[in-house]
Amino acid sequence: MELITATSVLCFLAISILIISVIKSFVSSKRTTLPLPPGTLGLPYIGETFQLYSQDPNVFFTQKQKKYGSIFKTHILGCPCVMISSPEAVKFVLTRSELFKPTFPASKEKILGKQALFFNQGDYHNKLRKIVLRAFSPDAIKFIVSDIETLAKHSLQSMEGRLINTYQEMKTFTFNVALLSIFGKDEILYREDLKRCYYILEKAYNSMPINLPGTLYHKSMKARKELAQILAQILSTRRQNKEEEHNDLLGSFMGEKEGLTDEQIADNIIGVIFAARDTTASVLTWILKYLGENPSVLEAVTEEQRSILKGKDENSGSLSWGDTKKMPITTRVIQETLRVASILSFTFREAVEDVQYEGYLIPKGWKVLPLFRNIHHSPDFFPEPEKFDPARFKVAPKPNTYMPFGNGVHSCPGNELAKLEMLVLLHHITTKYRWCVEGDQNGIQYGPFALPQNGLPITLHKQ
Ligand code: HEM
């Protein structure tokens, strides 16, 4: 009896091994038979980097898409890449996190801290993401509306009557909002020190990672150390005053059950400031540009915002969370700006194994770039795509055609906060101020996000 059982186990194993090897050889023969996506790889190592960066990158993406379709190969910055621009393919890449992982140059990981949310996958990423999503959920941020309002009013007052670089001023506002959401009321105590260090740190974001005295990178790493010391001091003060409750991001990170190390907390705080500041500031800059060019839209927004003021005492009345939900016209202006400007034209992933998609092979280790901007500017999904027309958002876009905040497990956890701070600033600027754009303003610069030329110089004056 035992002999029969042993023989049948052996037979079963042999058949299983045979089936597995047949499947394996089928898969590997598939690998060799499946073609790479169409496209060209350019010169050895250099690839097509010059073609991409010697012009507006979007021209490169659009020309390639016209020639090869919505999935094509190229070679940039020393890496073979597949670029994709169909809604289905982008959804596939961004939501199949077991096949595609985020990827950044090592120097960026060192500057921001390798334990920050966006560099990670799996259990650690899930745990962090839950904390960050909770801290930036509507239920959490609705309590800071009036504090954001105070920051918006101060920012606008400080810009009054001056020729300003809109982007730089908006960066100050969005930096302060980011600190408020991270440190709550404590932010004011540390604002200037944190700002000084962060502004040095970020200068090396696009520089070569050469850590020698005198280089930008070296200064940046020193500033990072100092930032970590300030954060350690904040953590220590909070630990001493245990009885105080904190409903901010730092409070959530410090929650006992979260079990994060001080280093993990520091990396994620620096990471959130990085993700929150320039993105939102750049969108606000584009909004002021588009409102300036479209007086009827500016009037409609102003009217909507004035109607919110009705019945409020002009001096003491402040915005509530409920008020921000009664701003459909302003909300559509934000949505349309996110589409037209598409400040993040694309993102990066890397194939963690050979992937077959639509009859093509995406080899393991290749970078994959979902091209958000191509989708947002496709006439198939957005008629007259270059036109700024907020009314188009009266009808919801087709699924997966509108992704200003990404998609899948790495999509933006700060999107509610970004929308809230933009609504609050727009409320005050449209009801109390007007602005004139100085100089010719048709160019776009990348820094790294798409921006109006020279950060949109304007003069702001009281109405
Ligand atoms: C209008 C402003 C913003 C835009 C357009 C934006 C856009 C995005 C996009 C497209 C991604 C996904 C990138 C990818 O998949 O590779 C992302 C991720 C992220 N964003 Fe935002 N973002 C904005 C504001 C914010 C703010 C205000 C915060 C924080 C308060 C924030 C925090 C983050 C974080 C932490 C991630 C990484 C998430 C992860 O890897 O799990 N963002 N953002």
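Me: On a 1 Å grid over the protein atoms alone, a cavity is a set of points where a 1.4 Å probe fits but cannot get out. How much space lies in the largest cavity?

Reply: This is a predicted model, in which local features need pLDDT of at least 70, side-chain atom pairs count only at pLDDT 80 or more, and totals for chains, interfaces and linings use all residues. Residues are numbered from 1 along each chain as its sequence is written, and side-chain values use heavy atoms, without hydrogens or water. Grid points are joined across faces, edges and corners, and a volume is the space filled by probe spheres set on the points. For the largest cavity this gives about 60 Å³.

Me: Which helix gives the most to the lining of the second largest cavity?

Reply: Lining residues have an atom within 4 Å of a point, and here they are Leu231, Leu235, Leu250, Asp262, Ile265, Ala266 and Ile269. Helices are DSSP runs (H or I, at least four residues), numbered from the N terminus. α11 (216-240) and α13 each supply at least two of the lining residues. The most, four residues, come from α13.

Me: Is Cys412 buried, partly exposed or exposed?

Reply: The unreviewed UniProt entry lists Cys412 under "binding site". Buried means under 20% relative accessible area, exposed over 50%, and partly exposed in between (1.4 Å probe, protein chains only). At 29%, Cys412 is therefore partly exposed.

Conventions
UniProt positions are given in the numbering used here, feature names are shortened, and annotations may be inferred rather than shown by experiment. On a 1 Å grid over the protein atoms alone, a cavity is a set of points where a 1.4 Å probe fits but cannot get out, and a pocket is an open set with protein on both sides within 12 Å along at least five of seven lines; lining residues have an atom within 4 Å of a point.
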